[in-house]
Amino acid sequence: MQPLVENAIFHGIEPKGRGHIVISVEKSGESAILVTIEDNGVGMEEEQIARILSASDSESDGLFANVGLRSVHERLRLTFGDQYGLSIESERDRYTKMNILLPYQTMESSTNQSANLARK
């Protein structure tokens with residue numbers, strides 16, 4: 001979450017000179033958790049969002065944040081599966097909302113999973 005909050009501050013709120021960030025966590029369906037980081041900063045165009053999340057992006061627009069956001073997205077997908085990861089919604093001059101979808105695990109399911117791995 002740290003790179004996402006930093007990105008909201010430095011690339012969303014700071015250029016505008018003021019604003020706020022809202023972080024929310026909620027259960028999404030039966031098997032996922034949705035973490036949302038939303039700012040009311042400068043926003044982004046659809047093309048910029050596509051470049052940020054594209055693994056094949058070799059173009060640099062001077063924003064180091066693109067590497068960090070892409071890295072977060074790819075690490076989540078590699079760790080939890082392709083259905084999880086980062087998605088971005090934004091409207092220029094209004095807001096940016098970064099959604100992180102993670103698997104939902106109870107302490108019991110996590111403990112059982114660890115015990116099964118230990119037996120192997």
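I began with a definition: two strands pair if DSSP finds at least two bridges between them.

**Entry 1. The model and its conventions**

I noted that this is a predicted model, in which local features need pLDDT of at least 70 and side-chain atom pairs count only at pLDDT 80 or more, while totals for chains, interfaces and linings use all residues. Residues are numbered from 1 along each chain as its sequence is written, and side-chain values use heavy atoms, with hydrogens and water left out.

**Entry 2. The elements**

I looked up the secondary structure and found four helices and four strands. Here helices (H or I, at least four residues) and strands (E, at least two) are DSSP runs, numbered from the N terminus. From the N terminus on, I read the order as α-β-β-α-α-β-β-α.

**Entry 3. The hairpin and the sheet**

I turned to strand 1 and strand 2, which form a hairpin with three residues between them. Gly29, in the turn, has a positive phi of about 70°. The two strands pair in the antiparallel sense over eight bridges; Ile21, for instance, has Asp39 in strand 2 as its bridge partner.

I then traced the whole sheet, which is open and has four strands in the order 1-2-4-3, with antiparallel pairing. Strand 1 (21-28) and strand 3 (85-91) are the edge strands, each pairing on one side only. From one strand to the next, the twist averages 15°.

Strand 2 (residues 32-39) and strand 4 (residues 95-103) run antiparallel and are joined by eight bridges. Within this pairing, Val35 stands opposite Ile100 in strand 4, and Ile33 has Leu102 as its bridge partner there.

I next followed helix 1 (residues 2-13), which packs on the sheet and touches strand 1, strand 2, strand 3 and strand 4. The direction of helix 1 makes about 25° with that of strand 2. For such angles, axes are lines fitted to C-alpha atoms, for helices over the stretch in contact, and angles run from 0 to 180 degrees between N-to-C directions.

**Entry 4. Burial and the core**

Buried residues make up 31% of the 120 residues in the protein. In strand 2, seven of the eight residues are buried.

Of its 15 residues, Leu4, Met44, Leu69, Leu86, Ile88, Met98 and Ile100 touch the most other members. Helix 1, strand 2, helix 2, helix 3 (65-80), strand 3 and strand 4 each give two or more residues to this core. In soluble globular proteins, nonpolar side chains tend to be buried together.

I listed the contacts of Leu4 (contact means heavy atoms within 4.5 Å). Leaving aside neighbours within four places in sequence, Leu4 is in contact with Ile37, Leu69, Leu86, Met98 and Ile100.

I asked which residues are buried in helix 2 (residues 46-53). They are Gln48, Ile49 and Ile52. These residues cover an arc of only 100° around the axis, so they lie on the same side of helix 2; the arc is that of the directions from the helix axis to the C-beta atoms. On the other side of helix 2, Glu46 and Glu47 are exposed.

**Entry 5. Gly41 and the loops**

I located Gly41 in the loop between strand 2 and helix 2. Is Gly41 buried or exposed? Gly41 is buried, with a relative accessible area of 0%. Not counting residues up to four places away in sequence, Gly41 touches Gly12, Ile13, Lys16, Asp93, Arg94 and Tyr95. Gly41 and Thr96 are 55 residues apart in sequence and 7.0 Å apart in space, C-alpha to C-alpha.

Asp93, one of the residues that Gly41 touches, is found in the loop between strand 3 and strand 4. Asp93 is exposed, with a relative accessible area of 56%. I also recorded that phi of Asp93 is near 65°, a positive value in a residue other than glycine.

Terms used: Buried < 20%, exposed > 50% of the residue type's maximum accessible area, 1.4 Å probe, protein only. Core = buried A, V, L, I, M, F, W, Y, C linked by side-chain atoms within 4.5 Å.
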